[in-house]
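Hi,

Here is the structure I promised to pass on.

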Amino acid sequence: TNPSAYLPDVAMTLNNLANLHKDTGRLEDAEREYKEALDIRMKLAKANPSAYLPDFAMTLNNSAILHKNIGKMEDAEKEYKEALAVIRKLAGANPSVYLPDVAMTLNNLANLHSDTGEFEAAEKEYKETLGIIRELKEANPSAYQLRVTFALNNLANLHRVTGRFEDAEKEYKESLAEIMGLAEANPSAYLPQTVITINNLANLHSDTGRLKAAEDGYKVALDIIRELAEANPSAYLPDVAMMLNNLANLHRDTGRFEDAENEYKETLSIYRKLAEANSSAYLPNVATTLNNLANLHRDAGKLEDAEKEYKESLDIRKKLAETNPSAYLPDVAMTLNNLAILHRDTCRLEDAEKESTEAYGIRSRLAAKYPSVYNEDLANTLICMAELHEKAGRFTEAETERREANELRSKK
C-alpha cells in the first residue's frame with residue numbers, strides 16, 4: 001500500500017543479492033541487480049541526500065568493482081569517480097565518518113588506473129590515500145596502523161612496476177617495519193600481512209638482481225605461511241601456492257630447473273585441489289601454473305610435457321574467456337603465443353601460424369583500447385610471427401612485422 005516506504009529495503013536487498021551473485025560468479029545477475037539498486041538509490045538520494053547518498057556511493061563502488069573484474073574499465077572508472085565525488089562531499093561535512101571511505105575509494109580508483117597503465121593518476125591517488133590514512137592513524141593508531149601498511153604496499157607495488165626501485169624498497173621496508181611491530185604483539189592476526197610484505201620485497205630484490213636476498217625472502221615467507229596453513233589450510237593454502245610459484249619463478253630464471261619443477265608441481269597440485277571446491281576462484285590459477293610449468297619444460301627441452309601443459313592451460317583460459325572475455329582474453333593470447341613459439345621451434349609451422357595469428361588478433365584489439373598496457377605484448381607477437389615467417393622463407397612479411405613491432409615499441 002505504500003511502495004515508497006519500502007524502496008530503501010528493496011535497494012538494500014538488491015545490493016546484497018548482487019554482492020552474493022558477484023562472489024559466486026553469476027556476474028550478469030550481479031550487474032543487473034547493482035544497476036537496479038543504483039536507480040532506486042539515486043532517486044532516494046535526490047529526495048533526501050543526507051539519508052541516502054552514503055548508500056548510493058556504496059553501490060556505485062560495488063558496481064565499479066564488478067565492472068573492473070569483468071574488464072569494463074570505462075564503466076568502472078566512471079562509477080569510482082562518481083562515488084569519490086559523493087564521498088568527498090560527505091567527508092567535507094563529516095570527516096571522521098567518511099574520510100576512511102574517501103581513502104578506500106581512492107585506493108580502488110588507483111588500482112584501476114594502475115591496471116590500465118595510467119600510472120601518474122594511480123600514483124597521485126595512492127599518495128592521497130596514504131596521506132589520509134596516516135592522518136587517521138594519528139588520531140587512532142590501533143585502527144589504522146595496518147591500513148598504513150596496505151597503502152605503503154600498494155604504492156611500492158606501483159613504483160616497482162614503473163622502475164622506481166629505490167622508492168619501492170623504502171616503502172616496502174617501512175611497511176614491513178609497521179607490520180612486524182603489530183605481529184610481535186599479535187602473531188596470529190598480523191603474520192599473514194607480514195608474509196605478503198616479505199614476499200613483495202623479495203619480488204623487488206628479484207627484479208633488481210639481488211637473487212640471494214630474493215631467495216632468502218621467499219623461503220622465509222614460505223616457511224611462515226606453511227605453518228599457518230597447517231593450522232588453517234582453507235585460509236592459507238592459496239598463499240602457500242603463491243609463495244611456491246614465486247620461488248619457482250626465481251629458480252627457473254637462475255637455471256635451477258629441478259627445484260623449479262618441483263615447486264611448480266606442488267603449486268599446481270594445491271591449485272587443482274582448491275579448484276575442485278571453488279572452480280571460479282582457482283581455475284585461473286591452475287591455468288597460470290600450467291603455463292609457467294610449460295615454459296619451464298620448454299626451456300628444459302621437455303617439449304612433449306610443455307605442449308600438453310600449454311594446451312590444457314589454453315583450454316581452461318578459453319572457457320573462462322567465454323563468460324568473461326575482458327578478464328581472460330589477454331591470458332588466452334599469451335598462451336597462444338607461447339604455444340606458437342613451441343610449435344615454431346619444433347618446425348610445426350602450420351600450427352604455429354594458426355596460433356600466432358589468433359594471438360595477434362586478440363592483442364591487436366586489446367592494444368587499440370589500452371595501448372600503454374598491451375602494445376608490448378602485440379610487439380612480441382609480431383616478432384614471433386616474423387621469426388616464423390623467416391623460418392618459412394616469407395621474408396617480405398617478416399620484414400613488415402618487425403617494422404610494425406619496432407614502431408609499437410618506439411611509442412613507449
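**Charges, fold and one glutamate**

The protein chain carries 51 positive and 68 negative charges, and their mean positions sit 2 Å apart. Lys and Arg count as positive there and Asp and Glu as negative, with His and the chain ends not counted; each charge is placed at NZ of Lys, CZ of Arg, CG of Asp or CD of Glu.

Some ground rules: this is a predicted model, where local features need pLDDT of at least 70 and side-chain atom pairs pLDDT 80 or more, while totals for chains, interfaces and linings use all residues. Residues are numbered from 1 along each chain as its sequence is written, and side-chain values use heavy atoms, leaving out hydrogens and water.

On the fold, the protein chain has 18 helices and zero strands (DSSP runs: H or I of at least four residues for helices, E of at least two for strands, numbered from the N terminus). Its C-alpha atoms fill a box of roughly 75 × 50 × 45 Å along the principal axes. Of the 412 residues, 48% count as buried, meaning under 20% relative accessible area with a 1.4 Å probe, protein chains only.

Now for Glu-178, which lies in helix α8 (residues 165–185). Glu-178 counts as buried because its relative accessibility is 13%. Its side chain makes a polar contact of 3.0 Å with that of Gln-145 (N or O atoms within 3.5 Å, one able to donate a hydrogen and the other to accept it; residues adjacent in sequence count only if both atoms are side-chain atoms). Leaving aside residues up to four places away in sequence, Glu-178 also touches Lys-137, Val-148 and Thr-149, among others (heavy atoms within 4.5 Å).

Cheers

Terms used
Buried means under 20% relative accessible area, exposed over 50%, partly exposed in between (1.4 Å probe, protein chains only).
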